[in-house]
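Keep the picture open beside you while you read.

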Amino acid sequence: MEELTAKRKNGLVLAVLILIVMFFVPAPAGLTPAGTRTLGCTLALLICLSTGALPLGLTSLIFMMLYFVLGAAPSLTSAISGMAAPPVMFILASFGMSAAVSNSPISRRILYFMMRIFGKSIRTTLLGLMFATAIVSAFISNVPVTAMFVTIGLSFLQLYTNETERNQTGRTYMIAIPVAAMIGGIMTPVGSSPNLVAITTLKSMTGYSISFAEWASYGVPIGLILIPTAWMIITKVFPPVEMEQKLFENFKESTRVTKKAGRQEVKVILIMGTMIVLWILSSWISTINLYAVAVLGVAVMFLPGIRILDWEDFKKSTNWDVVFVTASVISLGNIISENGLSTWFVDTIFPSDLALPTFVMVFITAVFVIVMLLIIPISGALIQVLAGPLIVVATNCGIHPVILIVTLCFCATNCYLLPIDTVPLLAYSSGYFQMTDMPKATAPILLILALLCALWCPVLYGLLI
């Protein structure tokens, strides 16, 4: 069994202490005993998740039971409600989509196409790599996309014979790739599981259902502006080293997929293409469901005669930690909404007579979410904790909740102020940059994201209504 580090041990002890102390602390004014226990469970869960006190999946399963046992949830059904939530089904399907794309040359074809357009130098090649990463990440979960393109980036860095030059360029590339993946993840509802968590929460609390096309109308313009902006900032802060032209051309040529698309690749393109078309059509045809399309589309990949995926391999490659963490966080969000913790949080933090212009309120919300990522560095958890309060704040301020929820999701999903989230950690583990390097480049990017949300989201909502 893996030995507990000091950080993990302290996290576990602190979480247990919180769960004990919450029974002896008087309920704050306006908060029920169930709300107090929910608050305690929330803090304990976040501490366990952020310190890795126990394996993530195990932590999530334990807390779903504790929600009920400790009296935060009114019933066991409520405590495990996240297990039946549609986003969990989508996450399971996303691992199948990732495997199908990873096992085919599709991503390399996209990369080569981008390099033909942008690949004039090391610096512009990075722009092509970022666009390729973002495009794939717009339809597939950020984690496998980042892993895929980090591998491509690492192979490129091996062309440097000078270690100092390799390390300098490696820092630039390894920071840029996860940033691009997270930016791509906000461009469509299916680009990242937190998007679906936010959409589900918005509908359950307000009855408002945001369509694929509507979400993309918010995300695509911001993403298309943010990718080149992020590229300019990252390469300015950490300039890459240009290499000998011959070596550079060799790498560009190595990304070419010379063979015509094989039978399996054609199957992947047809099935994934059909899924994307159906997702887009779901904006106008209410009977088409995003989650059903994802699950059934991946199921087709297992069928005899198609056999893009193998069931046994799929079971082994699925990241069950992600599945259970998402389910636990969704359950917690449902409980927070049910027992009034959201309302109490709003009344405590935000004045009821808050009256600010919409774009100012959106900017403040965006900056607040970015800062909160330092405390709750898990995007799905942060969205569930803040979604309810922000819906109430939006209502109090006369702002439609969708504006603040989209802003919350965009800023929470772009959690790269520090390499704490799983996505930037994949690149951080390469060893090319330090923990303190990332905010030098990413803090300005996040501030620009906050500004884009403030300028675009209220304007677009006004155009759509």
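Start where helix α20 touches helix α22: on the α20 side you'll find V402, I403, V406, T407, F410 and C411, and they meet L449, C453, C457, P458 and Y461 of α22. Sort those residues by class and you get 10 nonpolar, one polar and no charged ones. Before going on, bear in mind that this is a predicted model.

How do the two helices lie against each other? Helix α20 covers residues 401-413 and helix α22 covers residues 437-464; their axes are 10 Å apart and the packing angle is about 150°. Angles over 145 degrees count as roughly antiparallel, so α20 is roughly antiparallel to α22. As for handedness, α20 passes α22 in a right-handed crossing.

Now move to another pair, helix α8 (residues 142-157) and helix α9 (residues 163-185). Their axes come within 9 Å and cross at roughly 155°. That makes α8 roughly antiparallel to α9. The crossing of α8 past α9 is right-handed. Which residues do the touching? From α8 come N142, T146, F149, V150, G153, L154, F156 and L157, while α9 brings R166, T169, G170, Y173, M174, I177, P178, A181, M182 and G185. By class, that contact has 11 nonpolar, six polar and one charged residues.

How many aromatic pairs does a search of the whole structure find? The count is nine. In one of them, F156 and Y160 sit edge-to-face, with 6.3 Å from centre to centre and 85° between the planes. Are these two residues buried or exposed? Buried means under 20% relative accessible area, so F156, at 1%, counts as buried. Y160 is buried too, because its relative accessible area is 2%.

F156 also pairs with Y173, but here the rings are stacked: 5.2 Å centre to centre, with 25° between the planes. This pair links distant parts of the chain, as F156 belongs to helix α8 and Y173 to helix α9, 17 residues apart. Both F156 and Y173 are buried.

The axes of α9 and helix α11 (residues 212-237) come within 10 Å and cross at roughly 165°. Once again the angle tells you the direction: α9 is roughly antiparallel to α11. And α9 passes α11 in a right-handed crossing. On the α9 side, the contact uses T172, I175, A176, V179, A180 and I183; on the α11 side, it uses G223, L226, I227, A230, I234 and T235. Sorted by class, this contact of α9 with α11 has nine nonpolar, three polar and no charged residues.

T201 is in helix α10, which spans residues 193-206. Its relative accessibility is 8%, so T201 counts as buried. What does T201 touch, leaving aside its neighbours within four places in sequence? Its contacts are Q384, A387 and I391.

Compare that with F68, which you'll find in helix α3 (residues 56-69). F68 counts as partly exposed because its relative accessibility is 37%. Again leaving aside neighbours within four places in sequence, F68 is in contact with A73, P74, S75, L76 and A79. If you look for P26, it is 42 residues from F68 along the chain, and the C-alpha atoms of the two are separated by 20 Å.

Finish in a loop. R307 is found between α14 and α15, and its phi is near 50°, a positive value in a residue other than glycine. With a relative accessible area of 48%, R307 is partly exposed. D310 lies in the loop between α14 (290-300) and α15 (311-317) as well. D310 is partly exposed, with a relative accessible area of 28%. From D310 to C415 is 105 residues in sequence and 33 Å in space, C-alpha to C-alpha.

Notes:
Residues are numbered from 1 along each chain as its sequence is written. This is a predicted model: local features need pLDDT of at least 70, side-chain atom pairs count only at pLDDT 80 or more; totals for chains, interfaces and linings use all residues. Side-chain values use heavy atoms; hydrogens and water are left out. Axes are lines fitted to C-alpha atoms, for helices over the stretch in contact, and angles run from 0 to 180 degrees between N-to-C directions. Helices (H or I, at least four residues) and strands (E, at least two) are DSSP runs, numbered from the N terminus. Angles under 35 degrees count as roughly parallel, over 145 as roughly antiparallel, 65 to 115 as roughly perpendicular and the rest as oblique. A crossing is left-handed if the near helix is turned anticlockwise from the far one by less than a right angle, and right-handed if clockwise. Contact means heavy atoms within 4.5 Å. Ala, Val, Leu, Ile, Met, Phe, Trp, Tyr, Cys and Pro count as nonpolar, Asp, Glu, Lys and Arg as charged, and the others, Gly among them, as polar. Rings of Phe, Tyr and Trp (its six-membered ring) pair if their centres lie within 6.5 Å; planes under 30 degrees apart count as stacked, over 60 as edge-to-face and the rest as tilted. Buried means under 20% relative accessible area, exposed over 50%, partly exposed in between (1.4 Å probe, protein chains only).
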